[in-house]
Amino acid sequence: MKKILSKPAKIGTYHVDDVLFLLKDLSNIVLEDTVVNRETKIQSGGHYSESLPIEYQPPEEYVKVFWNTLQRYKQKVALCVGIVSEQIYQLKGSNTILVSLARAGTPVGILIKRYLKLKYGISLPHYSISIIRDKGIDENALHYIQQEHPNGEIQFVDGWTGKGAISLELTRACREYGEKYGLRLDDTLAVIADPGCCTTLFGTREDFLIPSACLNSTVSGLVSRTVLNDAFIGKDDFHGAKFYQNLLAEDVSNRFIELISEEFSAIGHEAEESAAKLLSMQIETGFLGMEDVKKIQAEFSIENTHYIKPGVGETTRVLLRRVPWKILVRDPSSPFVKHILMLAEEKGVEVQAYPDMKYLCCGLIKKVEGMLK
């Protein structure tokens, strides 16, 4: 395995003790394109990782929904973080290396690190690296981690599961990495919420709003989505990302972490007990959410499941950075979809009641042939 000797660039607004991003800084390169142009290129065979969407800056009313949701559900999020953290600690102990998947996994990895430090007095290494659907994981980043922690045991972390595309990508990537380098990696993905039944390591399987899903970089250390474009990423580089320093005034990343972390002391033994119960059970994956996806695909005559994004987190992403066609909502009165209804109204997207699905909501992406501007 080749040596990755260079230290990664300092990127983002998180404290250096919280996370180290293994990403190449592409801040000085123009990578953004309009939502319609990006969608057209993606649907014409281009890859979403080659460019970036223009960062959506939400109106004041929407930001209020974020803060209200955060205040209302911060203890629920903290408990789910605690439950998944306890399982990680019981399974891997102080030998764990937290490796979050940029960017939705990053705040979750920080929260797990904070919880375990508070509860067990250990400070686990935490890295954030890139994995890209259909392209795989950043092998240079994995080399770096193996180089720095030859005896550590990697635990991959993300925010939530949708229909399981990244879980499957991670499994494939870990298998290929093992075949290439003779190093076995545990492909179990630790998440706060697993509504799609895609992993065995979760805080809950309820489809609920993790408040960090509401915003883009301003709740993710001002780091963009990750980029894999051969024009800017060489074979010895980490995957890339931008640091949006122009949004410093809007950044709430560390405040989000602090508000959730402050709840850890209030959850008592509940996380420990829930984790022990889960570890004693025979948890199945089964990717049960795909049943909903296949049903929706048939009912709405959608040619590719890539155009169907189930779950609160994924539906939010559709509205923030894709071209939405319809939003299906199981229960429009749920507090977890309030921000989704607000975004849909702002963007003129049809919302349809769809009570018969496991997820709370589902975003359908529009076919954009002929829309290039």
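The axes of α2 and helix α6 (residues 253–261) approach to within 8 Å and cross at roughly 45 degrees. This is a predicted model. Angles under 35 degrees count as roughly parallel and those from 65 to 115 as roughly perpendicular, and α2 and α6 are therefore oblique to each other. Their crossing is right-handed. On the α2 side the residues that meet α6 are Phe66, Trp67, Leu70, Gln71, Lys74, Val77 and Ala78. On the α6 side they are Arg255, Phe256, Leu259 and Ile260. By class, the residues of this contact comprise 8 nonpolar, 1 polar and 2 charged.

Serine 261 also belongs to helix α6. Its relative accessible area is 14%; the cut-off for buried is under 20%, so serine 261 is buried. A polar atom of the serine 261 side chain lies 2.7 Å from the backbone oxygen of isoleucine 257. Apart from neighbours within four places in sequence, serine 261 is in contact with Leu111 and Arg114.

Helix α2, which spans residues 60–92, has a crossing with helix α7 (residues 270–280) as well. The axes of α2 and α7 come within 8 Å, at an angle of roughly 55 degrees. α2 and α7 are therefore oblique to each other, and their crossing is right-handed. From α2, the contact uses Leu79, Gly82, Ile83, Glu86, Gln87, Gln90 and Leu91. From α7 come Glu270, Ala271, Glu272, Ser274, Ala275, Leu278 and Leu279. The residues of the contact between α2 and α7 divide into 7 nonpolar, 4 polar and 3 charged.

The remaining site is in a loop. Threonine 161 is located between β9 (153–157) and α5 (165–181). Once neighbours within four places in sequence are set aside, the contacts of threonine 161 are Ser167, Val191, Ala193, Asp194, Pro195, Gly196, Cys198 and Thr199. With one of these, aspartate 194, threonine 161 makes a polar contact from side chain to side chain, at 2.7 Å. Threonine 161 can also be placed relative to leucine 319: the two are 158 residues apart in sequence, and their C-alpha atoms are 17 Å apart in space.

Methods:
Residues numbered from 1 in each chain as written. Predicted model: local features only at pLDDT ≥ 70, side-chain atom pairs only at ≥ 80, totals over all residues. Heavy atoms only, no water. Helix = DSSP H or I, 4+ residues; strand = E, 2+ residues; numbered from the N terminus. Contact = heavy atoms within 4.5 Å. Polar contact = N/O pair within 3.5 Å; in protein donor to acceptor, adjacent residues only side chain to side chain. Axes fitted to C-alpha atoms, helices over the stretch in contact; angles between N-to-C directions. Parallel < 35°, antiparallel > 145°, perpendicular 65-115°, else oblique. Left-handed = near helix turned anticlockwise from the far one by under 90°. Nonpolar A, V, L, I, M, F, W, Y, C, P; charged D, E, K, R; others polar. Buried < 20%, exposed > 50% of the residue type's maximum accessible area, 1.4 Å probe, protein only.
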